[in-house]
Amino acid sequence: MTTPQTPTQKITKSYVDKLSTPETGQAFVRDSELKGFAVRVTPSGAKSFILEKRIDGKVKRLTLGRYPELTVEQARKEAHKLLGHIAVGRNPAAEKKQEALQGTTLKQAFDDFVKTRKNLKERTLYDYRRVMTIIFADWQDKAMIDINKDMVSKRHNKVGSERGEAYANLSMRFLRALFNFAIAQYEDGNGNSILRENPVTRLTQTRAWYRVDRRQTLIKPHEIEPWFQAIMNLKNDPLSQNRETIRDYLLLVLFTGLRREEAASMTWNNIDLQAKNLKVTDTKNHSDHNLPLSDFLYDLLQKRKEQAINEYVFHRASGNGYVSEQRKQMAKVIKESSIAFTIHDLRRTFLTVAESLDIPAYAVKRLANHKMSNDVTAGYIVADVERLRQPMQKITDYILKCAGYKSSATITDLSEKKSHKML
């Protein structure tokens, strides 16, 4: 830091009171008796005491406090004390920074985490915020340095017994990520982390993580027909204007295997009806996902395009944004068909059908948009959306057959068949 040439004067209360305010910039007056001690005046009239001293080869400017909250004599004593610390090799600037960082709360760390991780998906951010407000509500104002291993173990057990083992693991994985961020982000003046270790490591060291088996639920072939019948009964009405939109959304997930948010947030910019393709750009593995449209999907999307009211394929009834809540309509389908399912079950159903039809493994991976970075052979295979068109149609035909329809059936055919049944 380059120190500007400024007047020297013995700093006293009467002198500080008489100091004029600079029109621009900052004005400095150095003490003629104590080297490095000075008073700074800003254009707003604020007056502060400072100490300038070379520390570790660089001139550092330390703010002692504002006047008149800090008197001249108090500031001079503080300057003497800091000069003594510097003389014995201490770094007051680094110590002050470390003291401030040691008070960093869990909420402050989370806010910094969100600002730094600019590529967090909306759904991920939503889940993180729920964990903060539900699981760690009473920890938000705690300093991270005060959250220890015992606290983590007890909270993990508590969440596991009250909200389920899977949610307990998810919560602690989030907390682990937040501590890892803080360890890298918050360092003292010497480059050392203010946090010595991640307390969530206790769960790994003691093998305390819950063993949660991967869900294997899906819609079985013999369940597809009653599920379809219930789905086709989701029709727009005055009380629930989104029913048909949810119907089409669930069908698209079943016939593409897309993830929940990938399908719900899809825009018309990513649908090429002329080429009969769709593209998902905001994917879990951050790589674009291109899929061909089967005849059934083409007809479904074409019909939706005719009724489009905003940029989203599955728009809200209000016209603002895309559908984000499907529970009521799903509950109706579950009640009518007696088949319980989740959105991800539809993805599992799609991929299970693909595997059962002996579609090549690499094609199945492409359809699922799974990364193949560790597969050397896959690295030599050029992805071509047209090579997936036949497998895509084959999967569609099988699902329609299980549902009791012809392989050439369209969403229009399904609607008309339902109408005939009602007559």
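Residues are numbered from 1 along each chain as its sequence is written, and side-chain values use heavy atoms, with hydrogens and water left out. Because the model is predicted, local features need pLDDT of at least 70 and side-chain atom pairs count only at pLDDT 80 or more, while totals for chains, interfaces and linings use all residues.

**View 1. The protein has 17 helices and seven strands.** Helices (H or I, at least four residues) and strands (E, at least two) are DSSP runs, numbered from the N terminus. Of the 423 residues in the protein, 44% are buried, a term that stands for under 20% relative accessible area, with exposed meaning over 50% and partly exposed in between (1.4 Å probe, protein chains only). Among contacts between residues at least 6 apart in sequence, 58% join residues at least 24 apart, where contact means heavy atoms within 4.5 Å.

**View 2. Four strands form an open antiparallel sheet in the order E1-E2-E3-E4.** Strand E1 (27-30) and E4 stand at the edges with a single partner strand each, so one side of each is left without a neighbour in the sheet. The twist averages 30° from one strand to the next; angles run from 0 to 180 degrees between N-to-C directions, and axes are lines fitted to C-alpha atoms, for helices over the stretch in contact. Helix H2 (residues 72-87) packs on the sheet and touches E2, E3 and E4, its direction making about 15° with that of E3.

**View 3. Strand E3 (residues 47-55) pairs with E2 and with E4.** Two strands pair if DSSP finds at least two bridges between them. Strand E2 (residues 37-41) and E3 are antiparallel over five bridges, and Ala38 has Ile50 in E3 as its bridge partner. Five residues lie between E2 and E3 in their hairpin, where Gly45 in the turn has a positive phi of about 95°. Nine bridges join E3 to the antiparallel strand E4 (residues 58-67); Ser48 stands opposite Arg66 in E4, and Lys53 stands opposite Lys60 in E4. The hairpin of E3 and E4 has two residues between the strands, and Asp56 takes a positive phi near 50° there. Strand E3 is mostly covered, with seven of its nine residues buried.

**View 4. Helix H14 (residues 343-356) packs against helix H15 (residues 361-368) at an angle of about 160°, with their axes 10 Å apart.** That angle makes H14 roughly antiparallel to H15, since angles over 145 degrees count as roughly antiparallel, those under 35 as roughly parallel, 65 to 115 as roughly perpendicular and the rest as oblique. Arg347, Phe350, Leu351 and Ala354 of H14 make the contact with Val364, Leu367 and Ala368 of H15. These residues divide into six nonpolar, no polar and one charged (Ala, Val, Leu, Ile, Met, Phe, Trp, Tyr, Cys and Pro count as nonpolar, Asp, Glu, Lys and Arg as charged, and the others, Gly among them, as polar).

**View 5. The axes of helix H9 (residues 224-232) and helix H13 (residues 327-337) come within 9 Å and cross at roughly 135°.** That makes H9 oblique to H13, and their crossing is right-handed. Pro226, Trp227, Gln229, Ala230 and Ile231 in H9 meet Val333, Glu336 and Ser337 in H13, a contact whose residues divide into five nonpolar, two polar and one charged.

Definitions and conventions:
A crossing is left-handed if the near helix is turned anticlockwise from the far one by less than a right angle, and right-handed if clockwise.
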